[in-house]
Amino acid sequence: MCIRDSFTDYLDGYLARKWKVVTNFGKFADPLADKMLVMSAFIMLVGMKMAPAWVVAIIICRELAVTGLRLLLVENGGTVLAAAMPGKIKTVTQMFSIIFLLCHLSLLGTILLYIALFFTIYSGYDYFKGAGYLFKDTFK
């Protein structure tokens, strides 16, 4: 299921851009569906004892924090936070780690999980660093 969902998500985005049929609903629903898929799969992997809970907790917290940051940016000037390369690498390594872990390719899945963890932390830092101006008056 995860393999099919990952592939159809990629195909959907590719075709929407190619055919220029990008909608506001798609801009909202696609990243939300991605996050739900990834978080559900990681929670399931923790329950199956195939992924450490602390790694999954960091991944989920980052996803929620960046989602909140995106909302703040839109609210404070309409800025849309585009996905940067570290975030794209994070997404790809998360998806492949899930796929390999579910296929019982534990070593490769675990290596990818820790690479995903690195890019999860790094991309989260990168996004917050770029939007630091939102919090200037908070720490005076």
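1. Contact of H2 with H4. In this predicted model, helix H2 brings Leu37, Val38, Ala41, Phe42, Met44 and Leu45 against Gln94, Met95, Ser97, Ile98, Leu101 and Leu102 of helix H4. By class, these residues comprise 10 nonpolar, 2 polar and no charged. The two helices, H2 and H4, pack at about 35°, and their axes lie 11 Å apart. The H2 and H4 crossing is left-handed.

2. Contact of H2 with H3. For this pair, the axes come within 9 Å and cross at roughly 165°. H2 is therefore roughly antiparallel to H3, given that angles over 145 degrees are counted that way. The crossing of H2 and H3 is left-handed. On the H2 side the contact uses Lys35, Met39, Phe42, Ile43 and Val46; on the H3 side it uses Ala53, Val56, Ile59, Ile60, Glu63 and Thr67. The class count here is 8 nonpolar, 1 polar and 2 charged residues.

3. Main core. The largest nonpolar core holds 17 residues, and Phe42, Leu45, Ile98 and Leu113 have the most contacts inside it. Two or more residues each come from H2 (24-47), H3 (53-75), H4 (85-102) and H5 (106-130). H2 supplies the largest share, 6 residues. In soluble globular proteins, nonpolar side chains tend to be buried together.

4. Leaving aside residues up to four places away in sequence, Leu113 touches Phe42, Ala51, Pro52, Val55, Ile59 and Ser97.

5. Glu63. This glutamate is placed in helix H3. Glu63 counts as buried because its relative accessibility is 3%, and the cut-off for buried is under 20%. With residues up to four places away in sequence not counted, Glu63 touches Lys35, Lys90 and Gln94.

6. Gln94. This glutamine lies in helix H4. Gln94 is counted as buried because its relative accessibility is 1%. Not counting residues up to four places away in sequence, Gln94 touches Val38, Phe42, Ile59, Glu63, Ala116 and Thr120. Gln94 also belongs to the H4 side of the contact with H2.

7. Leu37. The place of this leucine is in helix H2, on the side of the contact with H4. Its relative accessible area is 18%, so Leu37 is classed as buried; the limit is under 20%. Leu37 and Leu117 are 80 residues apart in sequence, and their C-alpha atoms are 17 Å apart in space.

8. Most residues other than glycine have a negative phi. Lys20 has a phi near 55°, which is positive in a residue other than glycine. Lys20 sits in the loop between helix H1 (2-18) and H2, and counts as exposed because its relative accessibility is 72%. Lys49 likewise has a positive phi, near 60°. Lys49 lies in the loop between H2 and H3 and is exposed, with a relative accessible area of 74%.

How values were computed
Residues are numbered from 1 along each chain as its sequence is written. This is a predicted model: local features need pLDDT of at least 70, side-chain atom pairs count only at pLDDT 80 or more; totals for chains, interfaces and linings use all residues. Side-chain values use heavy atoms; hydrogens and water are left out. A nonpolar core is a set of buried Ala, Val, Leu, Ile, Met, Phe, Trp, Tyr and Cys residues joined through side-chain atoms within 4.5 Å. Buried means under 20% relative accessible area, exposed over 50%, partly exposed in between (1.4 Å probe, protein chains only). Helices (H or I, at least four residues) and strands (E, at least two) are DSSP runs, numbered from the N terminus. Contact means heavy atoms within 4.5 Å. Axes are lines fitted to C-alpha atoms, for helices over the stretch in contact, and angles run from 0 to 180 degrees between N-to-C directions. A crossing is left-handed if the near helix is turned anticlockwise from the far one by less than a right angle, and right-handed if clockwise. Ala, Val, Leu, Ile, Met, Phe, Trp, Tyr, Cys and Pro count as nonpolar, Asp, Glu, Lys and Arg as charged, and the others, Gly among them, as polar. Angles under 35 degrees count as roughly parallel, over 145 as roughly antiparallel, 65 to 115 as roughly perpendicular and the rest as oblique.
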